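Dear colleague,

Please find below the structure for your review. A summary of the findings follows it.

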Amino acid sequence: MPFIFLAFFAMINCSNISAADGGMKFKIYKHKENNELVWRMQQGSMERIYAVGDIEKDTANKFEKFVKTNKIKEARIYFNSKGGNLLGGLALGKLIRKLGFETAIGSFKEEAHIFEGVCASACAYAFAGGIHRYYYGNKELLGLHQFSSSQNNISSSDSQEMSGVLVAYLQSMDVDALSFTISTKAQPEEIIWLNAENALKLNLSNNGKEMTTAEIKLTGKNPYLKIEQVQAEVTGRFLIICENKYISIMGGIVTNPQVAKLRFASSTMSYLQFGDNIIQEQKNMKNVSVADSTVWVTRKLTKSDLNKLLTATTISAWLGNDAYMVWGADATIGNVQNKIKHFVDNCL
């Protein structure tokens with residue numbers, strides 16, 4: 001990713017950022033009845049934890065006690081913090097990932113659709129710990145800041161080692177390590193603010209979609225490439241199968257058994273999509289099946305289909321009916337396109 005896209009970031013003095021005094025506090029709020037209903041429809045049933053203030057070295061310990069006291073199993077954490085202790089931010093991020101929680105940026109507002117907040121410096125590392133990381137760049141701000149040895153009680157001799165720790169941490173969270181390089185471009189009193197597009201490019205945010213994975217597996221004597229992207233609502237699972245020098249694809253829409261059976265029963269057509277190209281649309285359900293929580297859309301690919309697959313950045317499977325209601329799942333495949341090309345070349 002070229003450094004030139006730094007020009008699209010804004011740098012401002014971090015002393016202008018306001019946050020709550022003292023260490024980070026955690027609280028669960030409930031909206032008034034009507035707004036709470038709207039919120040649940042938009043955001044789901046998981047608990048919403050609002051984290052406000054500076055991160056301290058022991059913030060992760062305090063958060064763990066908060067979670068146990070409130071018996072929280074699923075949660076999305078809304079940060080509003082200008083930063084704080086870097087090691088504390090790393091510890092908090094690791095704990096969030098261990099718990100399988102989501103992260104976002106925002107402060108509590110009675111209006112269910114409004115998000116305002118800031119997450120910068122050490123907070124950005126804690127934010128990276130979320131399984132799903134939501135950032136839309138509207139009234140929220142996500143910023144990177146060059147870490148300070150003096151503010152984080154790190155000796156100058158350990159600064160280089162700390163840089164390696166930060167890079168390793170980001171990579172363990174499936175975040176592009178370029179995020180750290182970008183942070184070093186800021187002056188000591190500056191923040192580099194990411195817009196929503198660049199946060200997605202760095203995978204610092206994913207808005208409910210985890211990193212796409214690809215691995216070769218074997219069924220009988222036939223190898224296949226399993227591509228999968230886990231998402232908040234539905235998972236896209238695609239099996240590229242090699243058999244007798246032909247390529248076929250099973251596009252899996254993974255949800256739960258009840259939804260899978262309902263969607264399968266109410267659909268009358270199906271198709272795959274590679275990028276903007278619709279592939280083999282069929283006005284029947286001949287090559288569609290349902291197994292447990294997954295609806296499968298299967299197609300044998302032509303040479304033209306393969307060419308479209310090898311130049312696409314997304315792949316998806318769709319069902320529809322006579323009322324033109326369409327439902328499906330997709331996966332971004334830019335990061336695994338080389339594996340797809342290698343698999344197809346070896347098969348053919």
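In which loop does Ser-121 lie? In this predicted model, Ser-121 is found in the loop between strand 6 (117-120) and helix 4 (122-127). Ser-121 has a positive phi of about 55 degrees, although it is not a glycine. Most residues other than glycine have a negative phi. Ser-121 counts as buried because its relative accessibility is 15%, and the cut-off for buried is under 20%.

Gln-280, likewise not a glycine, has a positive phi of about 50 degrees. Gln-280 is placed in strand 14 (residues 277-282) and is partly exposed, with a relative accessible area of 28%.

Turning to the helix packing, the axes of helix 2 (residues 59-69) and helix 3 (residues 86-99) come within 8 Å and cross at roughly 30 degrees. Angles under 35 degrees count as roughly parallel, so helix 2 is roughly parallel to helix 3. Their crossing is right-handed. Helix 2 contributes Thr-59, Ala-60, Phe-63, Glu-64 and Val-67 to the contact, and helix 3 contributes Ala-91, Leu-92, Leu-95, Ile-96 and Leu-99. Of these contact residues, 8 are nonpolar, 1 is polar and 1 is charged.

Leaving aside residues up to four places away in sequence, Leu-92 touches Met-24, Ile-55, Thr-59, Ala-60, Phe-63, Phe-79 and Ala-126.

Yours sincerely

Conventions. Residues numbered from 1 in each chain as written. Predicted model: local features only at pLDDT ≥ 70, side-chain atom pairs only at ≥ 80, totals over all residues. Heavy atoms only, no water. Axes fitted to C-alpha atoms, helices over the stretch in contact; angles between N-to-C directions. Helix = DSSP H or I, 4+ residues; strand = E, 2+ residues; numbered from the N terminus. Parallel < 35°, antiparallel > 145°, perpendicular 65-115°, else oblique. Left-handed = near helix turned anticlockwise from the far one by under 90°. Contact = heavy atoms within 4.5 Å. Nonpolar A, V, L, I, M, F, W, Y, C, P; charged D, E, K, R; others polar. Buried < 20%, exposed > 50% of the residue type's maximum accessible area, 1.4 Å probe, protein only.
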